[in-house]
Amino acid sequence: MNNFIYFWNHFAFILLMMGGLFIIITSQNYLKKIVGLAIFQTAVFVFFVSLAKVLDGTAPILTKSLSVYSNPLPHVLILTAIVVGVATSALGLALVLQIYKNYGTIEEKEIENLELKSDK
Amino acid sequence: MFDLFLDDAPALVVVLPLIASAIIAFMPSKIWPWIISMIVLVFHLALSLHLIEEVSISKIIIYEFGNWEPPWGISFKIDGVNSGLQILFSSFVLISTFYSRKIFLNEIEAEDTGKAYSLWLLAIGSLNGIILTNDIFNLFVFLEISALASISLISLGAGLNRKALLAAFNYLIIGAIGATFYVIGVGFAYAMTGTLNMNDLIIQLSQYSEGQLAIFAGMSFMLIGLMVKAAIFPLHIWLPAAYSYAPSAVSTLLAALATKTILYFFARLLFEVFTIYENYLIIFLDFILFPLSVIAIFIGTLIAIYQDDIKKLLAFSSIAQIGYITLAFSLRDHSGITSGFVHIFNHALIKGGLFMSVGYFAILYKDRVTLSSIKGFGYKYPITSFALLICGLSLIGLPLTNGFISKLYLFQALYINQMYIPIALVAVSSALAVVYFWKIVEQMWFSDIKPKPEKEDPSIYFPIWIITISIILFGMYSSPIIEFSTLSADYLTQGLQK
């Protein structure tokens, strides 16, 4: 039980991550898949940021009165990863828009049916 | 002044294409994007040659960005492992860019040419970053840039077939999951060791020489993430659609280089960084990667036999060929790693040549190239068809082609490890490769139609024949490839012997 409280950030991360993966796998709607992907990636960002926390640490600003800082590096890494995530979502949304223009729907099942018809 | 330029060569090979990519993005002209790309890539090749020369003297170059010493800053590393791959990469992108001009003109809208070459250079710069980087987080950034650029390039195929959009979307979702898995692994590794630099990681990991669950979890996440990106069976499902619906020039670049660079990094991670965890490696390589590779070889070949669409056939054969490479890596010794690298080189050339020839057929036929559409092409377009024939024979592994060298080294490696059943399996799968390739040959030369020869475009068959001749040359005089691969294996097995 102690472990659970001490590592609650890990449990939160796993919960979020699995939620995101679940949405990606189960939803038929392409837009929802993008949302799932965003949640999945955010879970990892939360995990990284929570790794950086040092107990009683403050923001890493150089002043005389403070000596315990949180680790800034994971924050910087996640800043990069957020940019990558935004680019992925943006490209995904652009693709969904194009799929809608070409097929008239963004439901996976309906598109499969359309493709089956066009193959015949 | 030129010396100053050469000092920064490791950074420039990545940065030059990226800068040029931004410049040509909005050029309305049809030809200038291509000319600028060609100039940049000629410089790229010159810089790569310079790097190889430097490495052959100093053995290892570590380039520190902004003069931040590793482990604090990001660094690039060129040593025996990646120097050969760098030269292959640099020369192949130059040839395929030369080839791509007419193909792009035929397959995408003229006003999109600038954007297409912008993405093309973006993909080239970031794939080269994967080859050179010495920082595990930096790799993630390059992985994602290359994935996003390739996805956009694949979706350009939508003008020909709207399925390209679905292929691109699936690649986006699956690829992003793979990359995120990799980042989770990096997070675990960073939490345990506090470093992202690969050389430092090796040192820091040695304090957990017994192995810790968190490290094993992190390693597994990283390896699975890379397996998705490298399309190792059963995580390959994005690959066939992505390669076959992409514009032909794009399939050439991706099939020849994208998965190969990631396989290289996969090997580097396994044998350089994680090498102290022998028990983990044994479990991962012997009980996971080895059976998966054998299944991949068979499934890939068998599905390829039943394909009607030739680009899809080649894509499934790629899965089988990636299986050969991972099978070689899973042997975990010098001969295996050498054979894996030999096949990385040879398969890049072979698949590049095949996709180039089929791409030319696609624009001649103005539709998707299926088995029935290439009837009599052997007589109609003899120059390209003959190149396709040689590349195909090399894929099967006939003597006098470089595919034979690959197979020879793979058999040798398996024989040294006394794996006689896998030898038989590889031999059977090569025989099965004859089946699907024969289906193409039969339609091209032995169908009932015998059309008159037609004029072929020299600016397209010239690059195809450069690749084809290099396939024959490396088949007869294979020592450059063998030397580079042995060098790679030498570097990577240093850790294994410790």
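## Chatting through a predicted two-chain model

Author: Let's start at Gly129(B), which is found in helix H5 (residues 113-132) of chain B. Keep in mind that this is a predicted model.

Reader: Okay, why does Gly129(B) count as buried?

Author: Gly129(B) has 24 C-beta neighbours inside 10 Å, and the cut-off for buried is 20 or more. So Gly129(B) counts as buried.

Reader: And which residues is Gly129(B) in contact with, leaving aside its neighbours within four places in sequence?

Author: Those are Val14(B) and Phe142(B).

Reader: How far is Gly129(B) from Ile145(B)?

Author: In sequence they are 16 residues apart, and in space their C-alpha atoms are 9.9 Å apart.

Reader: New topic: helix H6 of chain B. How many residues does it have, and how far does it reach?

Author: H6(B) covers residues 136-155, which makes 20 residues. From its first C-alpha to its last it reaches 29 Å, close to the 28 Å expected at 1.5 Å a residue.

Reader: How many of the residues of H6(B) are buried?

Author: 20 of its 20 residues are, and the helix is mostly covered.

Reader: Which element of chain B has the highest mean pLDDT, and which the lowest?

Author: H6(B) has the highest, at 92, and helix H1 (residues 2-7) of chain B has the lowest, at 72. Where pLDDT is low, the predicted coordinates should not be read in detail.

Reader: What about chain B on average, and the scores for the model?

Author: Chain B averages a pLDDT of 87, with 98% of the residues scoring at least 70. The model scores ipTM 0.92 and pTM 0.91.

Reader: How many residues are in the largest nonpolar core?

Author: That core has 209 residues. Leu153(B), Ile154(B), Ala168(B), Tyr182(B) and Ala242(B) have the most contacts inside it. Helix H7 (residues 163-193) of chain B gives the largest share of this core, 21 residues.

Reader: What does Ile154(B) touch?

Author: Not counting residues up to four places away in sequence, Ile154(B) touches several residues, including Ala164(B), Ala168(B), Tyr171(B), Ala242(B) and Val250(B).

Reader: Let's hop to helix H16 of chain B. What should its span be, and what is it in the model?

Author: H16(B) runs over residues 382-396, so at 1.5 Å a residue its 15 residues should span 21 Å. Its end C-alpha atoms are 21 Å apart, which agrees.

Reader: How many of the residues of H16(B) are buried, and what covers them?

Author: Eleven of its 15 residues are buried, among them Thr384(B), Leu388(B), Cys391(B) and Ile396(B). What covers the buried ones includes helix H14 (334-365) and helix H18 (420-445) of chain B.

Reader: And what follows H16(B)?

Author: Gly397(B) does, and its phi is positive, near 105°.

Reader: What about strands S1 and S2 of chain B: how do they run?

Author: Strand S1 (residues 61-64) and S2(B) run antiparallel, joined by four bridges. Tyr63(B) stands opposite Phe76(B) in S2(B).

Reader: Which way do the residues of S2(B) point?

Author: Ser75(B) and Lys77(B) point one way, Phe76(B) and Ile78(B) the other way, and all are buried. In a regular strand the side chains alternate between the two faces of the sheet.

Reader: Last one: how many residues does the contact take from chain A and chain B?

Author: 24 residues come from chain A and 22 residues from chain B. On the side of chain A that touches chain B, H4(A) gives the largest share, 13 residues. That side divides into 17 nonpolar, six polar and one charged.

Definitions and conventions
Residues numbered from 1 in each chain as written. Chains lettered and ligands numbered in written order. Predicted model: local features only at pLDDT ≥ 70, side-chain atom pairs only at ≥ 80, totals over all residues. Contact = placed C-beta atoms within 7 Å. Helix = DSSP H or I, 4+ residues; strand = E, 2+ residues; numbered from the N terminus. Nonpolar A, V, L, I, M, F, W, Y, C, P; charged D, E, K, R; others polar. Buried ≥ 20, exposed ≤ 12 C-beta atoms within 10 Å, placed from the backbone. Pairing = 2+ DSSP bridges. Expected span 1.5 Å × (residues − 1). Core = buried A, V, L, I, M, F, W, Y, C linked by C-beta atoms within 7 Å. pLDDT = per-residue confidence, 0-100.
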